[in-house]
Amino acid sequence: MKIIVNDTAVECKEGELLIDVLINNGIEIPHFCYHQDLGPDGNCRMCMVEIKGEKRPQIACDTFVKENLEVSTKSNRINAVKRSILEFELLNHPVDCPICDQAGECKLQDYYMDYGLYESRLSTAKTKKGKHIDLGSNVMLDQERCVLCMRCVRFTSEITKTGELGVMGRGDHAKIGVAPNRKLNNSYAMNVVELCPVGALTSKDFRFRQRVWFLDSAKSICHGCSRGCNIHIDYNETKYASEKVYRFRSRRNKKINLSFLCDFGRLSYQELNEPFEAISWDAQTVIESLKADKKVALVSPSLSMQQLQAVKEFSENHAIALFSLAYTDENFGDDWLKTKDISANFAGVQDRHISTSQEEFEKSLNNASLVLNFDHKFLKDKAFADKEVIHFSTSSCEHGSVYAIANFAHESGTLINCDGIWQDFYATKYPCEAPRLIELLETLR
Amino acid sequence: MGIKVVKRHGGTFLEKMYVQAVFGGMKTTLKHFTANLSDASNIPTLCYPEQLPTDITPRYRGVHRLTHRKSDDSIACVACFMCATACPAKCIEIVATEREDGVDEKMPAIFNIDLLACVFCGYCVEACPCDAIRMDSGLYSVIGDKREDFIYDKAKLLSIKGISKEEFSLAK
């Protein structure tokens with residue numbers, strides 16, 4: 001089936017929404033309230049298109065495609081309609097872009113530059129509403145910047161089903177808010193920040209830390225649990241500050257996390273920035289240590305397939321008993337994105353046939369004189385009187401010799417999630433101070 | 001578009017000898033020489049630094065300053081990073097923070113200008129939406145004996161006075 005958009009034929013399927021066809025084909029269609037994972041609401045009217053045979057402009061988010069539908073998204077008439085709608089949306093907007101964190105990725109800014117560029121015709125004072133209201137769960141609300149697209153309200157009522165947010169008042173005085181003495185309180189709350197197309201909901205964690213146009217982005221996978229939610233790592237390095245990760249944003253994947261992340265995963269970027277003490281790499285010392293008789297290695301189930309394979313080959317070459325123990329947290333899992341298995345690649349450990357038996361590991365550990373720890377949390381703060389311990393670690397360890405390795409922001413690799421989906425993640429563009437695990441193991445051959 | 005034919009000079013024998021032109025030039029030189037020799041007080045030269053220039057106007061792009069708000073004399077800057085974004089020399093370092101006094105939401109915790117890196121182009125002043133950074137200080141010489149002396153911080157930039165009529169930020 002095909003439709004005609006701006007005189008060009010576009011392939012689509014029966015029953016699809018017109019706005020989905022336009023978005024999926026990269027045809028620019030401004031919209032506030034429609035979101036591919038929240039569905040249409042039809043309140044913002046920004047996605048107006050001209051349809052041949054229809055008397056008036058129609059909203060693309062509530063129009064299903066029909067054979068040979070003729071659509072225009074950029075005629076003068078439709079641009080005038082969009083401009084009027086935008087003027088209405090922006091009527092009481094405080095235009096405080098200099099202090100707004102959304103500036104640079106704000107839909108109002110983008111659309112104003114594309115379709116607006118009018119002079120304000122408001123002759124009375126702007127309606128005042130609440131500013132910098134702390135909603136809880138790291139979310140800050142600015143009611144003046146809001147365009148009442150209801151994405152956040154729909155998220156809390158339809159997706160998390162907690163229903164904290166609602167619209168209060170009418171007309172000019174309508175505003176988003178929580179009920180008195182209530183807070184936004186669910187473990188997915190920070191998604192509303194990302195859903196908000198304007199600066200009304202901003203993250204307290206990211207607030208004023210960096211302007212978004214200075215940030216670079218790398219496609220990665222969250223390592224918080226075995227779900228493997230797709231993320232963007234937003235990071236940068238400036239003349240005055242060394243490389244730092246500023247936030248995780250969700251990256252849309254229809255099969256896994258849609259456009260959402262849990263708050264734990266979203267904030268797990270913080271540990272990537274934590275400096276820790278490590279000794280500089282010296283292959284000779286490690287080779288000397290490897291001459292020990294009984295050796296055991298424990299590898300983290302959050303390492304990538306490539307790293308697991310390298311560790312496995314290394315262990316086989318040096319006759320090291322290799323184990324991996326699962327990270328499990330019964331309290332962490334829920335019925336949506338979070339899983340009980342809080343390692344990123346336990347399926348990968350099983351795929352590489354690495355032993356995961358706790359019993360056998362304890363037995364080998366008791367006999368061993370050398371313990372190699374490949375970033376596993378279990379051995380991080382354990383002390384052994386009669387054993388030498390070597391850590392290859394992305395975070396601080398209490399005892400033994402600690403060699404720093406690059407964390408997942410500086411690695412590219414593949415992970416298998418809890419549903420058996422293989423996914424790639426990519427490194428940020430700045431070189432890491434710590435070497436990559438695979439490179440270190442090469443020097444020990 | 002037509003072509004305008006310009007007559008080329010210097011083609012004649014007399015012109016090719018250059019004697020006429022040399023004497024013409026010498027005449028101007030000698031005229032000034034004798035005039036200055038007879039009356040040295042009219043020579044337009046400053047004995048800098050004992051004598052200082054008197055023709056620095058508010059439009060002269062001198063050392064930057066951060067302006068204050070007229071209402072409460074507090075810092076006008078809201079740390080929007082427009083100046084740092086526009087700066088071709090990347091000489092402005094800003095760290096933003098929450099403003100707690102209720103006047104505004106955001107202000108700079110650190111605002112440093114590295115005057116050694118600065119090219120004094122004035123783009124930061126153009127970019128500022130709050131009239132918070134200006135170059136109307138009239139300061140044309142910066143002196144220091146360490147590199148650090150040339151990094152002006154927030155307190156230093158706020159303390160510099162302007163020479164224009166408008167002392168405070170004109171932002172609404």
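**Figure 1. Buried residues of helix H4 of chain A.** In this predicted model, helix H4 of chain A covers residues 151–159, and A:Arg151, A:Cys152, A:Phe155 and A:Thr156 are buried within it. Seen down the axis of H4(A), these buried residues fall within an arc of 135°, so they line one face of the helix. An α-helix has 3.6 residues a turn, so residues three or four places apart point the same way. After H4(A) comes A:Lys161, with a positive phi near 60°.

**Figure 2. Surroundings of A:Val192 and the largest nonpolar core.** Leaving aside residues up to four places away in sequence, A:Val192 touches A:Val139, A:Cys152, A:Phe155 and A:Leu201. Of these, A:Cys152 and A:Phe155 are among the buried residues of H4(A). The largest nonpolar core has 108 residues. Those with the most contacts inside this core are A:Cys47, A:Ala60, A:Val139, A:Val192 and A:Val299. Another core, of 28 residues, lies apart from it; A:Phe208, B:Ile75, B:Ala76 and B:Val78 are among its members. In soluble globular proteins, nonpolar side chains tend to be buried together.

**Figure 3. Helix H3 of chain A and its packing.** Helix H3 of chain A consists of residues 107–116; A:Lys107, A:Leu108, A:Tyr111 and A:Tyr115 are buried there. Viewed down the axis of H3(A), the buried residues keep within an arc of 90°, so they line one face of the helix. They pack against helix H2 (76–89) of chain A. Just after H3(A), the phi of A:Leu117 is positive, at about 55°.

**Figure 4. Domains of chain A, with the contact between domains 1 and 2.** The domain assignment divides chain A into domain 1 (2–89), domain 2 (97–203), domain 3 (215–273) and domain 4 (283–443). Between the C-alpha centres of domain 1 and domain 2 of chain A the distance is 24 Å. Their contact takes 14 residues from domain 1 and 14 residues from domain 2. On the side of domain 1 that touches domain 2, 6 residues are nonpolar, 3 polar and 5 charged.

**Figure 5. The antiparallel sheet of chain B.** An open sheet in chain B is formed by 3 strands in the order E2-E3-E5, with antiparallel pairing. Strand E2 (92–98) and strand E5 (151–152) are the edge strands, each pairing on one side only. E2(B) pairs with strand E3 (residues 106–114) over 7 bridges in the antiparallel sense. One bridge joins B:Ala96 to B:Pro108, its partner in E3(B).

Figure 6. Chain A contains 11 helices and 20 strands. Its C-alpha trace spans about 85 × 50 × 40 Å along the principal axes. Of its 445 residues, 41% count as buried. Among contacts between residues at least 6 apart in sequence in chain A, 62% join residues at least 24 apart. The contact between the chains takes 8 residues from chain A and 15 residues from chain B. By class, the side of chain A that touches chain B has 5 nonpolar residues, 1 polar residue and 2 charged residues.

Methods. Residues numbered from 1 in each chain as written. Chains lettered and ligands numbered in written order. Predicted model: local features only at pLDDT ≥ 70, side-chain atom pairs only at ≥ 80, totals over all residues. Helix = DSSP H or I, 4+ residues; strand = E, 2+ residues; numbered from the N terminus. Buried ≥ 20, exposed ≤ 12 C-beta atoms within 10 Å, placed from the backbone. Contact = placed C-beta atoms within 7 Å. Nonpolar A, V, L, I, M, F, W, Y, C, P; charged D, E, K, R; others polar. Domains from an automatic or database assignment. Core = buried A, V, L, I, M, F, W, Y, C linked by C-beta atoms within 7 Å. Pairing = 2+ DSSP bridges. Arc of directions from axis to C-beta.
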